[in-house]
Amino acid sequence: MMMKKTKLVLAMATATLTMAGLLVAPQAQAHSKKHGHSSSYNSSSSAERLAAAANNRVEALEQQLQAMQYELQALRSSQASHSGSSVDSAKVQELDQWMASVKSQPAKSSTKDNMVFFRGGYAHADSNRGGTLDPTAPGGNSGGVLNGVIGGQDAWYFGAGFDWSLNDDLFGAMHGTEVLAELMFDYKELGNRALNGITPAVGAIAGIPGVNTETATVNQLTLAASPKVKFLKGQAFRPWLIPVGFELNIISPPSDAITVLTPGMQFGLGADYKVWNNIFVGLDARYHYAPGNIDGVNTNGVTAGGYVGIGF
């Protein structure tokens, strides 16, 4: 507002100065003509007085105009300085806000979020697998029908899997608690069974009981997908748990009803430790559960073992 007023005054002063110059000249000329019959001395003296008065007024107006110009320059400098300081203040405030937001964020870990792991260990079934006649069971008849079911509850397993990081803070509920998606497969073997049953073909030809020397491997392949909650992100030691996951078991030999697939669930817990350069070693234990049984096949049981992981 002050700048506009100053500009208005300067414009008025400039116009006044111009008008004064225009008015003084005609007056001086008219006065000189009017008194032309007077002596040259009086005419000259009067013109000089008018010219001196006009010069004084012009000089006064010029001084006033110059003073206003100085004031205008001072106002412009002040306004520029004030504007610059406001911009600088805004930039400093923005920088402070950015630094505060960076400090509030959790420190980034040098550990890779994803992992590929290789696992193996011991497995124990809750009961005999069932669902398939055991070729090693004693007895039989001339028709070659065998009695009993596949037994044995102890097994060994090996497998591999991947962990993919989904979230770093349990979706905002818990700081430093990571959520991962695990995809895993493992192979489980209960042992070999020799097929020592009587074969009617041999008995019919030779007249004596025949012996089948083939063997059957009792095994199982498990494919699983599970959410995994992993604690203490950024630390070397990190425990974890699987609240519940889905698994699909492929059994061999198939059941007597020719069933080869059994769906189920798994629950797990474990921990791993970073030993060097995103190389991890860990332990895990899992319980595998299938509601009821599928054509008499029972796959419930536990697995426990270790694993080696590589972060990526």
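Guide: Happy to! Let's begin at proline 253, which lies in the loop between β7 (237–252) and β8. Keep in mind that this is a predicted model.

Visitor: What kind of peptide bond joins serine 252 and proline 253?
Guide: The bond is cis, with omega at about -5°.

Visitor: Okay, let's zoom out. How many helices and strands are in the chain?
Guide: The protein chain has 3 helices and 10 strands. Along the sequence, the pattern reads α-α-β-β-β-β-α-β-β-β-β-β-β.

Visitor: And what share of the residues counts as buried?
Guide: Of the 312 residues in the protein chain, 31% count as buried.

Visitor: How do β8 and β9 pair?
Guide: Strand β8 (residues 261–276) pairs with β9 in the antiparallel sense, over 11 bridges. One detail to look for is leucine 269, whose bridge partner in β9 is alanine 285.

Visitor: What sits between β8 and β9?
Guide: The two strands form a hairpin with 2 residues between them. In that turn, asparagine 277 has a positive phi of about 45°.

Visitor: Which strand does β9 meet over 10 bridges?
Guide: That is β10 (residues 301–311), and β9 and β10 run antiparallel. Valine 281 has valine 308 as its bridge partner in β10.

Visitor: Which residues are on the covered face of β9?
Guide: The covered face of β9 (residues 279–289) has Phe280, Gly282, Asp284, Arg286 and His288. On the uncovered face you find Ile279, Val281, Leu283, Ala285, Tyr287 and Tyr289.

Visitor: Now β10 again. How many bridges pair it with β1?
Guide: β1 and β10 pair over 11 bridges, in the antiparallel sense. Here phenylalanine 118 stands opposite valine 308 in β10.

Visitor: So what about β1 and β2, how do they run?
Guide: Strand β1 (residues 115–125) and strand β2 (residues 154–167) run antiparallel, joined by 10 bridges. Glycine 120 has phenylalanine 158 as its bridge partner in β2.

Visitor: New topic: which residues make the largest nonpolar core?
Guide: That core has 8 residues: Met115, Phe117, Met184, Ala224, Trp240, Ile242, Phe280 and Tyr307. The elements that give two or more residues to this core are β1 and β7. Another core, of 5 residues, lies apart from it, and its members include Ala123, Tyr157, Leu190 and Val218.

Visitor: Why would nonpolar side chains be buried together?
Guide: In soluble globular proteins, nonpolar side chains tend to be buried together.

Visitor: What about the surface, which residues make the nonpolar patch there?
Guide: Leu232, Phe237, Tyr273, Val275, Trp276, Val281 and Val308 make a nonpolar surface patch of about 700 Å². β8 gives the most to this patch, with 3 residues.

Visitor: Where is leucine 232?
Guide: Leucine 232 is in the loop between β6 (215–230) and β7. With a relative accessible area of 43%, leucine 232 is partly exposed.

Visitor: Let's switch to charges. How many salt bridges are in the whole structure?
Guide: A search finds 11 salt bridges. In one of them, the side chains of lysine 228 and aspartate 163 meet at 3.1 Å, N to O. This pair links distant parts of the chain, with lysine 228 in strand β6 and aspartate 163 in strand β2, 65 residues apart.

Visitor: Are those two residues buried or exposed?
Guide: Lysine 228 counts as buried at 3% relative accessibility, and aspartate 163 is buried at 2%.

Technical notes. Residues numbered from 1 in each chain as written. Predicted model: local features only at pLDDT ≥ 70, side-chain atom pairs only at ≥ 80, totals over all residues. Heavy atoms only, no water. Buried < 20%, exposed > 50% of the residue type's maximum accessible area, 1.4 Å probe, protein only. Helix = DSSP H or I, 4+ residues; strand = E, 2+ residues; numbered from the N terminus. Pairing = 2+ DSSP bridges. Patch = residues over 30% accessible without salt bridge, like charges linked within 9 Å, V, L, I, M, F, W, Y side chains within 5 Å. Areas by Shrake-Rupley, 256 points an atom, 1.4 Å probe, with all protein chains shown as cover. Salt bridge = Lys/Arg side-chain N within 4 Å of Asp/Glu carboxyl O. Core = buried A, V, L, I, M, F, W, Y, C linked by side-chain atoms within 4.5 Å.
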